[in-house]
Amino acid sequence: MLTKKQNLLETIKGGNPDRFVKQYEFMHFIMEAPGGRFPQPGETIKNDWGITFKWPEGQLGGFPVHDDEHKVLKDITEWKKYVKAPVIPTSDEAWAAAIAHANTVDRNEEFVTLFVAPGVFEMTHHLMSMEDALMALYEEPEAMHELIDYLTEHELAYAKALIDHIHPDCIFHHDDWGSQKSSFISPAMFEEFFLPAYKKIYAFYKANGVELIVHHSDSYAANLVPFMIEMGVDIWQGVMTTNNTPELVKQYGSQISFMGDIDSGVVDFPAWTPEIVAKEVERACRNCGKLYFIPCLTQGGNWSSFPGVYDSTNEAIEKMTKEMF
Amino acid sequence: MSKINEVKAMVEAGKARLVPGLVQEALAEGNAAKDILQGMVDSMRVVGDLFSAGELFVPEMLMAAKAMSKGVEVLKPLFEDQSTSSLGTCIIGTVEGDLHDIGKNLVSMMIGSAGFDMVDLGVDVTPAKFVEAVKDNENVKIVACSGLLTTTMTKMQETVQALKASGLTGFEVIVGGAPVSAEYAASIGADGFAPDAGSAAVKAVELAKN
């Protein structure tokens, strides 16, 4: 039996996996690394960039607050006045817990994985609201290029710190690039503004020992797959059914793998049942096949919003392994 | 090309800086303000259709809406003291517990562009606030409820039920958002559903004219 790591590599390299990869099983997350602050349920916090996030009690996540009082970047042409990147911790103490955790991982079995979020695109709209950020791409392109360069340099500095302290094998990088039906911006605009940033960031990780880049965008982004390949993404996690995943596997499978095709919104809700989960998992596995595909909830992490859904999905994947391998 | 057609083309292209001047020129050419406004409404319909078809993206839609609003600013003084072609008032908001505003804002822009007076209640709006807004505003024809989270779908249902049980009449309720389907909309008693911002405007006009 292959290790989790071997089985993942066989799957994404078009080899001979001996089973379906069960969602995030190959990633061993080191969540102790210093990084962005996220709110807990019911909390409102201000993060190190000054962005206020609110997580309403009983709901599924935290959201940036963008009324006039809380918006960090009030005028893109004056971004240097408003946007101040936080200092990246360097003390041994700050990194000790993450290093200790990483040292416990058998790297032959799993990938030591660091979670990086939010990405460059999300940062632009967290700072100033989606509307302002998207219109600025048209109205103030020079300032947006400058801001994106600044955010990219900060990401690269953070990447260096992660590499120096943890030597990760895998980066799980969040940046949502679309709604469930469409990318937020056109491919041409993405190519101009965000592709160069991501080529730098992912090339830096790859040049410094990171074997696997997993990019999370639980959205439609089929029109951006050629750019994902160009920037060095190994696995697109979060691929929703609206992308026609089986077709993507056929078209691009030898260059990038797809992780998802089980839409969280369809299976992970208050009235979920194991039967609904099993039906979706079977559809995904049969349609997408055994290579270049990892059946997974589209949610960006190894959990589910409602207790039991994540484990039930794993059980359904095991069942499909028995039937298809 | 007539000036109205130039206005339309520039709204579709999202040229917010050019539209006000062109609207002035269209007026100087002798066009009626209401015809220029109708031209811009038609342009936004084209933009909405292209968005629905996946040929335009959010920034283009935002820029077109901004261009139109700049044009409307020029026309506004001409409509004072006379009844405009308003289709009525539309109350819009994201339901309680949900802070997503991008989809709601796009829908608001598109419905506003179609000729409604918009009252945007923002995000995390309780059922009671929706009902209150219908009471507090005149000529409410549409109430639009948005939600992106599966957990807030129950709040959407509560909102629709509160509006229907309020005893207030003369308006239709439309719902939308990622987890919402036409079947779900019907099951909770909504009058309409739209899968995206462009279609929401079409649906709002259709319901208001019934």
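Chain A and chain B meet through 23 residues of chain A and 22 residues of chain B, contact meaning that C-beta atoms placed from the backbone lie within 7 Å. The model is predicted: local features need pLDDT of at least 70, side-chain atom pairs count only at pLDDT 80 or more, and totals for chains, interfaces and linings use all residues. Residues are numbered from 1 along each chain as its sequence is written, with chains lettered from A and ligands numbered from 1 in the order in which they are written.

- Helix 5 (residues 130-139) of chain A supplies the largest share of the side of chain A that touches chain B, 6 residues; helices are DSSP runs (H or I, at least four residues) numbered from the N terminus.
- That side of chain A comprises 13 nonpolar, 7 polar and 3 charged residues, where Ala, Val, Leu, Ile, Met, Phe, Trp, Tyr, Cys and Pro count as nonpolar, Asp, Glu, Lys and Arg as charged, and the others, Gly among them, as polar.

**Domains of chain B**
- Chain B is divided into domain 1 (3-79) and domain 2 (89-209), with bounds from an automatic or database domain assignment.
- The contact between them takes 10 residues from domain 1 of chain B and 11 from domain 2 of chain B.
- On the domain 1 side, helix 3 of chain B gives the most, with 6 residues.

**Helix 6 of chain A**
- Helix 6 (residues 141-166) of chain A has 26 residues and reaches 36 Å from its first C-alpha to its last, close to the expected 38 Å (1.5 Å times one less than the number of residues).
- Helix 6 of chain A is followed by A:H167, whose phi is positive, near 50 degrees.

Methods
Contact = placed C-beta atoms within 7 Å. Helix = DSSP H or I, 4+ residues; strand = E, 2+ residues; numbered from the N terminus.
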